[in-house]
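Dear colleague,

I am handing over the structure that follows, together with notes on what turned up in it. Please read the notes with the model open beside you.

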Amino acid sequence: MITRRATQLFNPCSCIGLRWIQTRPEYDVVVLGGGIVGLGVAQEISNRTNKLKVAVLEKENELAMHQTGHNSGVIHAGIYYKPGSVMAKLCVEGMKATYDYCDAHGIPYKKVGKLVVATSPLEESRLMDLWDRANSNQVPDIELVDSKGIKEREPACEGVKAIWSPHTGIVDWGRVAKHYGTVFESRGGTIHTGFQACDFNYLDGGLRIRSTIGEEVHCQYVLACTGLYSDRVATMTGCDPEPKIVPFRGEYLLLSAEKSKLIRGNIYPVPDPRFPFLGVHFTPRMNGEVWLGPNAVLAFAREGYGWGTLNFRDLVEVLGYPGFYRLAGKYLGYGLDQMLGSIFINRAVKELKKYVPQVEASDISRGPAGVRAQAMSAAGDLVGDFIFSRGTGDVGSRILHCRNAPSPAATSSLAIANMVVDKLEEEFKLNLK
């Protein structure tokens, strides 16, 4: 994919002899954010019409650099989500759409399946609740299997009962997102990388977006899909500061090449309803690796992929937010355990051995990490569904903010795009026919 650097965008006036020539890009719609949601929306607009000039603005020099490029790579089936929720509906639709898209465009994936494994009577009871939820969500072709059925699918795995999801798969989501961008560009769309928006103004009947280095783009309407910065971008245009984005880092461990041969597909735990995050699981990757995890620890920066990365502004915002302390009060023990596990990785071995007893401390090493844009309320509640907002006035009324696109946003990205473009059409009275 060829992207246009922001430095090529707009120099307010170019002087040729005594003649000043204004050279500013003009668009009908700008999508702010080059992750999988923003690129999916841009592609969907291009699916529906060739009458609008559309651009994507991405602050990094490449697409899909943050949440999209730092996730587990799983294509989820929709087992976990509350029946009737938008998340559940979009996940089931998105899984099918993802496989169809990858088949149509030659993008490799593997349908390795997933076992959600109970290892005790308590977990077995919780598993049956999950089974009811998965059936309510109409997750396709799931099976309830006993210990023998577990061994048939994962010979190295121990458990008393499990849900088998044959359509859960793996893919390189960064590659998928970039392909969305390629399709969008092939239909006349424009992608500007290296453009970090910092100011929005009403000008000449539309919007002027300025970057941190003084370049400009002009448009009629904006869709902001800015992930880790969604709250800041929203407040820049007059929206409510909540929900607040609190960055949580998810750190993975790597299983040794020898022990990775034991793992065929995804092996997941039964969620413990007392805790906000899922827990350690086995995730095969397209390159043959097996990732273990992730944990969940507070990141000291919105792009804090390791303990050594600290952004003073980001950290002060979190520590000054009442919702963070309310969350910490609810899950203090859990949070401390996650931090200790981050520092002393061998603490994970006991949990891993519940499912695959052959795993030893010598089989694991530190792996990659991602940062989750966790939306949070002042009450300390984690926001678990989609949130959109618009401001008021000449600027705010022209910008639709996607404030929260929770996991599994990658799996659901094509279904999300369809929903968001419908919303754009309704909110801004766009003609996409």
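**What was found**

The side chains of Asn-47 and Glu-44 are joined by a polar contact of 3.0 Å, a polar contact being a pair of N or O atoms within 3.5 Å in which, within protein, one atom must be able to donate a hydrogen and the other to accept it, while residues adjacent in sequence count only if both atoms are side-chain atoms. The model is predicted, so that local features need pLDDT of at least 70 and side-chain atom pairs count only at pLDDT 80 or more, whereas totals for chains, interfaces and linings use all residues. Residues are numbered from 1 along each chain as its sequence is written, and side-chain values use heavy atoms, with hydrogens and water left out.

Asn-47 has its place in helix H1, where helices (H or I, at least four residues) and strands (E, at least two) are DSSP runs numbered from the N terminus. With a relative accessibility of 42%, Asn-47 counts as partly exposed; the classes are buried for under 20% relative accessible area, exposed for over 50%, and partly exposed in between, with a 1.4 Å probe and protein chains only. H1 is mostly covered, 11 of its 13 residues being buried, and Glu-44 is one of these buried residues. The 13 residues of H1 (residues 36-48) should span 18 Å at 1.5 Å a residue, which agrees with the 18 Å between its end C-alpha atoms; the expected span is 1.5 Å times one less than the number of residues. From Asn-47 to Lys-111 there are 64 residues in sequence and 27 Å in space, C-alpha to C-alpha.

**Cysteines**

A search of the whole structure finds zero disulfides, a disulfide being a pair of cysteine sulfur atoms within 2.5 Å. The cysteine sulfur closest to that of Cys-91 is in Cys-102, and at 14 Å it is too far for a bond. Cys-91 counts as buried because its relative accessibility is 0%, and Cys-102 counts as buried at 1%.

**The second largest pocket**

The second largest pocket holds about 350 Å³ of space. On a 1 Å grid over the protein atoms alone, a pocket is an open set of points with protein on both sides within 12 Å along at least five of seven lines, and lining residues have an atom within 4 Å of a point. Of its 17 lining residues, Phe-248, Leu-298, Phe-324, Ala-328 and Gly-335 are the closest to the centre. Strand S20 (297-298), helix H9 (322-330) and helix H10 (332-343) each give two or more residues to this lining, and H10 supplies the largest share, five residues.

**Backbone points to check**

Two peptide bonds deserve a look in the viewer. The bond from Glu-242 to Pro-243 is cis, with omega near 5°, and Pro-243 lies in the loop between helix H6 (230-236) and strand S16 (244-255). Ser-407 and Pro-408 are likewise joined by a cis peptide bond, with omega about 10°, and Pro-408 is found in the loop between strand S23 (399-404) and helix H13 (413-428).

Asp-204, a residue other than glycine, has a positive phi near 55°; Asp-204 sits in the loop between strand S13 (197-203) and strand S14 (206-211) and is exposed, with a relative accessible area of 61%. Lys-429 also has a positive phi, near 55°, and its place is in the segment after H13, where Lys-429 counts as exposed at 69% relative accessibility.

With best wishes

Methods:
1 Å grid on protein atoms, 1.4 Å probe; cavity = no way out; pocket = protein on both sides within 12 Å on 5 of 7 lines; lining within 4 Å. Points joined across faces, edges and corners; volume = space filled by probe spheres on them.
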